[in-house]
Amino acid sequence: VAMVVLLASLFISSSFLYNYFNNSQVSQLKEELSLVAANVNKAGPEYFHNFDSSMFRFTLVSADGKVLYDSQANAADMENHLDREEISEALESGTGSSARYSSTLTERTFYEATRLENGNVLRISVNQVTVGALILGMFPAICAIVLISAVVALVLSHKMAKDIVKPLNELDLENPTE
C-alpha cells in the first residue's frame, strides 16, 4: 500500500510540476520574444550581428516565408517557413504559437512568433523534454526514494505487527479470562 501511494504521489507531482514548468517556460518565451522584437524593430536585422542566445533559438522570416536569420542554423540552407503554423498565424493576426513533438528526440518544441513592423516575422523556440524523458532522467532518484520507502515501510509494518500480536502471545491459555 505504501509503495502504491508513493508511486502515485510521484506520478501526480511529476505531472503537476511538468505542467507548471511548461506554462512558466511558455510565458518566459513570450517575454523574451517581445524584448527581442522591440530591439529588432528599432535596429533592424543588424541587431542579430552581435546577438548570442544559447537558451532560445531565434528565426527571422520574411513575409514570403524565406528564412533571413537563424541563431542555430545557416539561414540559406533552410526551407521556406510559410507553411509553419506559428508563422502563418503571425502573418495573419500578428502573433502565433505552436508546439511540435519529436518522437526521435523525445522532445517537444514550443514556438512563439510575432509580426514585426516591417512585415517580417520573428520566431523564438525552445526544446523541452517530455514527461517520459523527465521521469527517465529522474529514475535513479525515484529508485532511491522507492528503496528507502520500502525499508521504512517494512520496519514500521514489522513493529506494528509485533505490537498487535504481543497481547495474543501473552495470553494464558490455561486461564484465558484473566
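Lys-159 and Asp-163 sit four residues apart in helix α4, about one turn of the helix (helices, H or I with at least four residues, and strands, E with at least two, are DSSP runs numbered from the N terminus). Their side chains meet in a salt bridge, 3.2 Å from N to O; the term means a side-chain nitrogen of Lys or Arg within 4 Å of a carboxyl oxygen of Asp or Glu. This is a predicted model, where local features need pLDDT of at least 70, side-chain atom pairs count only at pLDDT 80 or more, and totals for chains, interfaces and linings use all residues. Residues are numbered from 1 along each chain as its sequence is written, and side-chain values use heavy atoms, leaving out hydrogens and water.

By this rule, the count of salt bridges comes to six. Another joins Glu-86 and Arg-100 at 3.0 Å, N to O. That pair links distant parts of the chain, with Glu-86 in helix α2 (residues 85-93) and Arg-100 in strand β3 (residues 95-102), 14 residues apart. Glu-86 counts as buried because its relative accessibility is 0%, while Arg-100, at 29%, counts as partly exposed (buried is under 20% relative accessible area, exposed over 50%, partly exposed in between, with a 1.4 Å probe and protein chains only).

Elsewhere, salt bridges link Glu-79, Asp-83 and Arg-84 in a network. Asp-83 has 63% relative accessibility, so Asp-83 counts as exposed.

Back in helix α4 (residues 139-169) we find Leu-168, which is exposed because its relative accessible area is 58%.
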